[in-house]
Amino acid sequence: MTKINSKFTVNGAERMVSTEARTSLADCLRHELKLTGTHVGCEHGVCGACTVIVDGAAVRSCLMLAAQADGSEIVTVEGLANGEDMGPLQNAFRKHHALQCGFCTPGILTTAHALLSAEPDADADRVREVLSGNICRCTGYLPIVEAILDARKAYGYEGRER
Ligand code: FES
Ligand code: FES
């Protein structure tokens with residue numbers, strides 16, 4: 001089977017992979033690069049569990065081919081930590097009990113990171129709008145929205161808490 005070579009940056013490190021043409025970015029991240037924080041649920045773009053950030057945009061990695069990521073800058077949930085410590089969104093999720101089983105969490109964290117990086121003043125309505133593409137079967141979303149709003153100051157938000 002012919003393989004395709006692709007080179008991209010993942011969480012700041014340059015990576016080279018050789019994958020089949022049909023290999024999704026999600027499978028490449030999980031199986032080739034062992035970045036298993038990216039979860040795979042529906043595999044057809046509905047649940048959002050596989051969301052990673054590609055060139056600043058939240059992307060469903062089950063719908064993108066690894067070969068399409070050639071030359072891109074990718075951030076996965078592993079890249080949201082501060083070294084050994086959790087990043088601000090992760091800390092806010094812990095503080096607000098914004099996860100239960102955790103299956104949806106990596107996709108929600110990356111979605112929120114992309115949002116707050118571009119719009120640190122996003123309000124609750126905007127957060128809910130953006131999260132509408134991420135399915136969580138456990139939390140009822142309220143603590144997730146609270147956590148994301150709480151994390152905004154780490155992204156430069158200077159307004160009121162709510
Ligand atoms: S696994 Fe990609 S959207 Fe569900
Ligand atoms: S915490 Fe279980 S699906 Fe969201």
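This is a predicted model: local features need pLDDT of at least 70, side-chain atom pairs count only at pLDDT 80 or more; totals for chains, interfaces and linings use all residues.

Residues are numbered from 1 along each chain as its sequence is written, chains are lettered from A and ligands numbered from 1 in the order in which they are written, and side-chain values use heavy atoms, leaving out hydrogens and water.

**Overall build**

The protein chain holds 5 helices and 5 strands, arranged along the sequence as β-β-α-β-β-β-α-α-α-α. Helices (H or I, at least four residues) and strands (E, at least two) are DSSP runs numbered from the N terminus. The C-alpha atoms fill a box of roughly 55 × 30 × 25 Å along the principal axes. Of the 162 residues, 45% count as buried, where buried means under 20% relative accessible area, exposed over 50%, and partly exposed in between (1.4 Å probe, protein chains only).

**Two cores**

A nonpolar core is a set of buried Ala, Val, Leu, Ile, Met, Phe, Trp, Tyr and Cys residues joined through side-chain atoms within 4.5 Å. The largest one has 24 residues, and Leu89, Phe93 and Ile148 are among those with the most contacts inside it.

| Element | Residues |
|---|---|
| helix 2 | 88-95 |
| helix 3 | 105-118 |
| helix 4 | 124-131 |
| helix 5 | 142-151 |

Helix 5 supplies the largest share of this core, 6 residues. Beyond its neighbours within four places in sequence, Ile148 is in contact (heavy atoms within 4.5 Å) with Leu89, Phe93, Ala112, Leu116, Val127 and Leu131. A second, separate core of 15 residues includes Phe8, Leu35, Val52 and Ala69.

**A loop residue**

Where does Thr23 lie? Thr23 sits in the loop between strand 2 (13-20) and helix 1 (25-32). Thr23 counts as buried because its relative accessible area is 16%. Not counting residues up to four places away in sequence, Thr23 touches Cys28, Leu65 and Ala66.
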